[in-house]
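This report looks at charged pairs and at nonpolar packing. The sequence and the structure come before the discussion.

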Amino acid sequence: MTAEDFKNGQVLLIDKPLNWTSFQAVNKLRWEIRQAFNIKKIKVGHAGTLDPLATGLLIICTGKMTKQIHTFQGQDKEYTGTFVLGSTTPSYDLETEIDQSFPTEHISEVLIHDTTKIFIGDIEQFPPVFSALKKDGKRLYEYARAGEQVDVKSRTVHISEFEITNIEGNTIDFRVVCSKGTYIRSLAHDFGKALNSGAHLSVLRRTKIGDFDVANATSPEDFIQSLSSE
């Protein structure tokens with residue numbers, strides 16, 4: 001590809017590594033494109049944030065295609081990952097330490113599978129307090145990290161598919177297809193409550209956005225390598 005190709009607009013499928021922020025991925029690719037083609041300025045943006053502790057599909061648009069980001073953001077997404085039953089964390093994932101433990105002896109595999117059914121369709125969900133959503137000009141995680149209480153309103157999201165793919169003791173693997181705005185961390189938390197226990201998210205991978213599949217994505221390193229061979 002040429003500099004003009006990137007300016008006219010490209011849709012890049014990137015497999016985001018663990019511990020990278022989506023913002024870091026965008027900045028890294030923008031810098032590498034500018035360096036490779038000696039471009040002073042080019043628009044680059046992503047279509048849907050992934051948490052640092054999540055891996056998987058990140059759609060990155062360049063040039064004129066950044067105007068289409070909203071169309072990608074609105075598409076359904078598929079995730080796979082792991083819930084751990086019997087304990088919760090303030091962030092609903094491994095960003096924070098376990099703060100409470102709960103009994104799990106009453107939880108059977110049948111109950112786990114049956115409980116998924118109550119989350120299918122439109123559901124009310126509270127975003128995690130450790131999230132990038134803004135309230136009064138500040139991100140929720142800024143309040144949370146400062147130990148400040150903040151009221152978070154629920155939102156209606158849609159889950160079209162929710163299946164349990166493996167159960168090993170208190171570790172549950174899952175696959176979810178959901179609408180824009182769904183927090184899988186919140187789903188983990190609510191799933192634990194629905195089992196009269198607790199749960200948190202330990203692994204998350206985004207596998208699809210609309211018709212785009214992570215199987216067709218490339219790592220940032222491989223993308224950068226491809227630029228040097230242009």
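A residue is called buried under 20% relative accessible area, exposed over 50% and partly exposed in between, with a 1.4 Å probe and protein chains only. By that scale Lys117 is exposed, because its relative accessible area is 58%, while its salt-bridge partner Asp114 is partly exposed at 38%. The model is predicted, so local features need pLDDT of at least 70 and side-chain atom pairs pLDDT 80 or more, whereas totals for chains, interfaces and linings use all residues. Residues are numbered from 1 along each chain as its sequence is written, and side-chain values use heavy atoms, without hydrogens and water.

A salt bridge is a side-chain nitrogen of Lys or Arg within 4 Å of a carboxyl oxygen of Asp or Glu; the whole structure holds eight of them, including those tabulated here.

| Pair | N to O distance |
|---|---|
| Arg185 and Asp51 | 3.1 Å |
| Lys117 and Asp114 | 3.4 Å |
| Glu163 and Arg175 | 2.6 Å |

Glu163 belongs to strand E10 and Arg175 to strand E11, so their bridge ties together parts 12 residues apart in sequence; strands (E, at least two residues) and helices (H or I, at least four) are DSSP runs numbered from the N terminus.

A nonpolar core is a set of buried Ala, Val, Leu, Ile, Met, Phe, Trp, Tyr and Cys residues joined through side-chain atoms within 4.5 Å. In the largest, of 26 residues, Phe83, Phe162, Phe174, Ile184 and Phe191 touch the most other members, and E10 gives the most to this core, with five residues.
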